[in-house]
Amino acid sequence: MTKLIQTLVIGLEYGCVYALIAMGMVLVYRTTGVLNIAHGGVGVLAGFVAWDLNTLRGWPYFPAIAVGIGVAISSGLLFERFVARKVPNPFLVTVATLALFLLLQGLVFVIPWWGNTWGQVFNSPFANRRVAIPGADYAVSWDQLILFGNVLLFFGGLYFVLRRTRVGLAMRAVSDDPTAARLMGIRQKVVAPVVWGLAFGLSGLTTMLLAPILLLDNTSLTAFTLKALTVTFVGGLISLPLTVAGAMTLSLLEVSTQLYLPNARGLSDAWPFIILIVVLVARFTRGTKALEDTAVAPA
Amino acid sequence: MASRRLFVVLTAGLMIPAACGGSAAQRAALKAQSQNVSAQGGGGGAAAPSGGYSSGDSGSAAAPSDSGSAGVSAATPAAGSSGGSAGVSSGGSGSASPAAASASGSAGRSNTPSAASAAGTASGSAGRTASGSGSAPGSPSAAAAPTPGAPGGGNAVGGATDVGVTASSIKVGHIGIYSGPVGSFGANLSYAGRATLQEINDNGGINGRKLDVLVRDDAWDGTKGMNAARDLVEREKIFAFCCIMSVNTSDPLTPYLDDKKIPHIGADGWGEPQYKGAWTFPVSASAVTEAHMLAKWQAQNQAAKRVAILYINNPTGRAYVKAYDEVIKKFGGEVVFSQPATFDDPGTTTFIAQARTQNIDTISTYLDPGIFTRMVREAAAQNYKPKNAFSGAAGLYFEVTPNFTGPNGEGTIAATHWETNDQDTPGLRKYKATVEKYYPKMDHSTWTKAGYVGATIFGNLVKSLGLEVTRQRLKDAADRLNDFDSGLGPHLTWSPGHHRANKTIYLAQIQRSGDKFEYKKIAGPLVDEYAESN
């Protein structure tokens, strides 16, 4: 029983990490048709800005992370203005996000006092606070609880905005048929910056939430992008509920393999690929020729 | 139009990190290198000391100057000149060499041959005069004897005696870890060897030849490393490899070098396959030796009985687990469970949860400092620490590790293969002076010392060959290395079929020092009596 509770709790913890990253990717894809590979890179930039202000310059924690997220949002606006708007093909913009990812990763090393070691500790004010889980011989830190709360908040918030608000409707309309959206009076030059700013801001926030739990460096936070990508395919790149469900499924499979099948080395790492293959086969078997075909489906 | 714009964006995205990347230490070092080469190119008093590179303290050559980057921008070695000065220069400064063009990412910050100069000629003469003396400490006893039938001797002695050798330069291949999951601290491992090679050049080169060091990045990925190695061997035509501190490349490189008959002097030695190579000469100890000595010491001194191991899932990591288990069993203990870790795991909490549930008294690890730090911090979040705290292979032994792990890391024991950083010995002082001259912010670790030792031996061996520098003669000389004392602890001896020169382990423990934590030596030298004899 103890192990079962541990499996569920740890699975939920890991799942939140995947879900938060994947939701940011789904938001961008669903509203622009672009797969935002730069997610991790933007987060690293925002994280280092916040860490710099807080740790090196003595800023209070919350203003520092606010500035960090602000930098991420600004990056999104700049990227939209100077790249996404000028490159009309979503596929090419996807490739451009890869370039941005590499650029931002390298940028961390350009600032001498950022990249002079292999990582940075970026504690939140809630470090060393934890909540014991009854019957599990296990405790959850406040940072992890805050991460969980944010996943719920953003899941609910994005779901609501995309389905119930005029802004969300405009975002989806621009994605589905830009020409028709313009004819209907929706100004793409207003909607697109909102999408990119929101998505990059979410990248920054994700890093702020993960850095106290992990470490702040330019690689580990971006390493989850591959697994998050798998999770987004579970949701067909558009469905937030399925994306979150996929994140939890992946994490529970990984955790249960590690805890119940410790000798099955490699299986835990194989789950993302197994899930990806199963999802793609299932979608094609169902007659869906491409993931894009489902892009008009409601959330 | 859109495609052209995208091309510009992509190009910028890929080139800017390559051009600008690198830590402050690296840039400072590259600047220093550029200055040194510039000084040589301008004839800035690069007179070589008669003792050559081995007397590092007497290096009056190549005083840094602000004479611009003329030396760096020179593109190709002057093959016809006598005693040129091909240096370990910076490709990041607009080099025109094919090597720099083919390198990716950080590897682009590698090196190019630099210009021949009058100073180089002078140093060449000085070097030749000294070449026969063999007076460098640790030189192989009979290394100066020429080997009949050595390949590549078609030209006059002192000219192009073998592949990658000209009258003025020797092409040396080096592969470092400049990117990838451990790139942020892996670069230092490469810098130490490069600093030592640069010092050799700054002191006049070897017998009139400068070392033209071609650097590549493997991102701690054996596939990338092997691609880089093939490129260096088959396209760049290097003479030999020196001091590769990346086990994921050194291991698969070993049989390839046996096939091609190319020496690799100063390999990292962390992986067992390296000891099976006739042309690979490791300087550090293996992960198996680390596991042996940690298990024995923890069993004898900490009464370790129930051990859990978290390891990076590669062949060396699996060998570490097996070796630890074999020795701890001799003392009545056992490895209760082990768990592989990868760089894209969001945490290590399943490992911590199992360790707590199974009443583990010792956690040992084969990890990089990043995953290890994460594990210790997650254990702290669980308010958990086993009775004997944590231990691990040399991957933990970095100066910055203790401050990252925090209070929960106190008591952690790390294996290292050389005298620990907290000691004050002449050998350590000389090592630090050498590498910090070029890379002032060096994070001294097991592998930075190994790089220094490997490059020093390489220089000594090549010097002992005199003017007839061939691969076969270098290999033969390496096989005669006898009781080489780097000043950092173990004395190294190689002989044919026996390249396991270093079976020595030192143990350092994270201890509180005021409001900080740092490694302090607690044991060593410990010699691995369980190691294979090869």
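Hi everyone, let me start with one residue: A:L4 is partly exposed, because 13 other C-beta atoms lie within 10 Å. Please keep in mind throughout that this is a predicted model. A:L4 belongs to helix α1 of chain A, which covers residues 2–32. If you hop 150 residues along the chain to A:F154, the two C-alpha atoms are 28 Å apart.

Staying in chain A, let's look at a pair of helices. In general, two packed helices are described by the angle between their axes and the distance between those axes. Here the pair is α3(A), residues 61–84, and α8(A), residues 188–210; their axes come within 7 Å and cross at roughly 145°. The crossing of α3(A) past α8(A) is right-handed. From α3(A), the residues making the contact include A:I65, A:G68, A:I69, A:G76 and A:F79, and from α8(A) they include A:P193, A:W196, A:G197, A:F200 and A:G204.

Among the buried ones are A:K227, A:V231 and A:V234. After α10(A) comes A:G236, with a positive phi near 60°.

Now over to chain B, and its open sheet. Five strands line up in the order β2-β1-β3-β4-β5, with parallel pairing.

Helix α7(B), residues 222–235, lies across β1 and β2, running at about 170° to β1(B). Helix α15(B), residues 446–464, lies across β1, β3 and β4, at about 155° to β4(B).

Next, a strand with neighbours of both kinds: β10(B), residues 413–416. B:I413 and B:A415 point one way, B:A414 and B:T416 the other, and all are buried. With β9(B), residues 390–392, the run is parallel, through two bridges, and B:G392 is partnered with B:A414. With β13(B), residues 504–513, the run is antiparallel, through four bridges, and B:T416 stands opposite B:Y506.

Let me finish with some backbone details. As background, most residues other than glycine have a negative phi, and most peptide bonds are trans. B:K237, in the loop between α7 and β3 of chain B, has a positive phi of about 60° without being a glycine. B:C243, in the loop between β3 and α8 of chain B, is not a glycine either, and its phi is positive at about 45°. Buried or partly exposed, which is B:K237? Partly exposed, because it has 13 C-beta neighbours inside 10 Å. B:C243 counts as buried, because it has 33 C-beta neighbours inside 10 Å. And finally, the peptide bond from B:G524 to B:P525 is cis, with omega near 5°; B:P525 sits in strand β14(B), residues 516–527.

Notes: Residues numbered from 1 in each chain as written. Chains lettered and ligands numbered in written order. Predicted model: local features only at pLDDT ≥ 70, side-chain atom pairs only at ≥ 80, totals over all residues. Buried ≥ 20, exposed ≤ 12 C-beta atoms within 10 Å, placed from the backbone. Axes fitted to C-alpha atoms, helices over the stretch in contact; angles between N-to-C directions. Left-handed = near helix turned anticlockwise from the far one by under 90°. Contact = placed C-beta atoms within 7 Å. Pairing = 2+ DSSP bridges.
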